[in-house]
Amino acid sequence: MFDENAAGRLFAFFEGLLKFYREFLKVEQDKLRDLQAGRLDRLNARMKQEQARVLKARGLERERRGLLAELKAPEKRFRELIGLFPPQRREPMRALYGELSSVLLDLRETNRACNRLAKKKLARASVVLERLQNDPELRRIYSDKPGRETPAAGLLSKKI
């Protein structure tokens with residue numbers, strides 16, 4: 001069983017983890033709304049925010065492992081840790097576990113929805129690009145070398 005000091009440190013860590021993942025979820029939800037609204041110009045900034053949070057999540061996971069190793073419970077999962085807390089801290093830990101689990105599930109589902117929608121939009125963009133590349137008129141216009149003039153329309157040249 002954890003002593004009060006260890007229990008307090010671990011509880012504070014998981015509270016911080018919950019706060020972090022709530023913020024991460026908000027970024028993913030914003031990204032999903034942007035994708036749904038077709039605001040692809042905002043997608044790059046959202047992806048950068050997401051990448052920063054993924055890196056921070058990796059750091060938090062290392063911190064979690066270090067803290068658990070220090071407390072002599074390196075292989076324990078969150079749910080298994082609840083029983084190691086003093087009795088008066090178990091219920092708050094169960095509540096924290098429930099909230100964190102819920103946020104993580106929402107984050108996973110939101111991320112999956114973002115990925116599905118982004119793939120659909122990318123597939124549509126590919127189809128449009130393919131059509132544009134196969135359009136003979138557009139190919140003629142855009143394949144002309146710069147500086148080359150097109151012949152004047154009509155009988156007389158406008159240069160005269």
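The following dialogue treats the reading of a predicted model, feature by feature.

Student: What mean pLDDT does the protein have, and which elements score lowest and highest?

Tutor: Where pLDDT is low, the predicted coordinates should not be read in detail. In this predicted model the protein averages a pLDDT of 87, and 86% of the residues score at least 70.

Student: How many helices and strands make up the secondary structure?

Tutor: The protein has 5 helices and 0 strands, and its pattern along the sequence reads α-α-α-α-α. As for burial, 26% of the 160 residues count as buried.

Student: How many salt bridges are found, and which side chain meets that of Arg89?

Tutor: Side chains of opposite charge can pair when their charged atoms come close. A search of the whole structure finds 15 salt bridges. In one of them, the side chain of Arg89 meets that of Glu4, with an N to O distance of 2.7 Å. This pair links distant parts of the chain, since Arg89 belongs to helix H4 and Glu4 to helix H1, 85 residues apart. Arg89 is partly exposed, with a relative accessible area of 23%, and Glu4 is also partly exposed, at 39%.

Student: Which parts of the chain does the pair of Arg22 and Glu99 tie together?

Tutor: The side chains of Arg22 and Glu99 meet in a salt bridge at 2.4 Å, N to O. Because Arg22 lies in helix H1 and Glu99 in helix H4, the pair ties together parts that are 77 residues apart in sequence. Arg22 counts as partly exposed at 42% relative accessibility, as does Glu99 at 36%.

Student: How many aromatic pairs does the structure hold, and how are the rings of Phe14 and Phe78 placed?

Tutor: An aromatic pair is read from the distance between ring centres and the angle between ring planes. The structure holds 7 such pairs. For Phe14 and Phe78, the centres are 4.0 Å apart and the planes stand at 35 degrees, so the pair is tilted.

Student: Why does the pair of Tyr21 and Phe24 count as stacked?

Tutor: The planes of Tyr21 and Phe24 stand at 10 degrees, with the ring centres 6.3 Å apart, so the pair is stacked. The two residues are 3 residues apart in helix H1, and therefore separated by about one helical turn. Tyr21 counts as buried at 14% relative accessibility, and Phe24 at 7%.

Student: What is the phi of Lys72, and where is Lys72 found?

Tutor: Most residues other than glycine have a negative phi. Lys72 has a positive phi of about 60 degrees although it is not a glycine. Lys72 is found in the loop between helix H2 (43-70) and H3, and is exposed, with a relative accessible area of 74%.

Student: Which residues make the nonpolar surface patch?

Tutor: Val128, Leu129 and Leu132 make a nonpolar surface patch of about 260 Å². Leu132 lies in helix H4 (residues 87-134) and counts as partly exposed, at 44% relative accessibility.

Student: How far apart are the C-alpha atoms of Ser102 and Leu18?

Tutor: These C-alpha atoms are separated by 9.9 Å, while the residues are 84 apart along the chain. Ser102 is found in helix H4 and counts as partly exposed at 38% relative accessibility.

Key
Residues numbered from 1 in each chain as written. Predicted model: local features only at pLDDT ≥ 70, side-chain atom pairs only at ≥ 80, totals over all residues. Heavy atoms only, no water. Patch = residues over 30% accessible without salt bridge, like charges linked within 9 Å, V, L, I, M, F, W, Y side chains within 5 Å. Areas by Shrake-Rupley, 256 points an atom, 1.4 Å probe, with all protein chains shown as cover. Salt bridge = Lys/Arg side-chain N within 4 Å of Asp/Glu carboxyl O. Helix = DSSP H or I, 4+ residues; strand = E, 2+ residues; numbered from the N terminus. Buried < 20%, exposed > 50% of the residue type's maximum accessible area, 1.4 Å probe, protein only. pLDDT = per-residue confidence, 0-100. Phe/Tyr/Trp six-rings, centres within 6.5 Å; stacked < 30°, edge-to-face > 60°.
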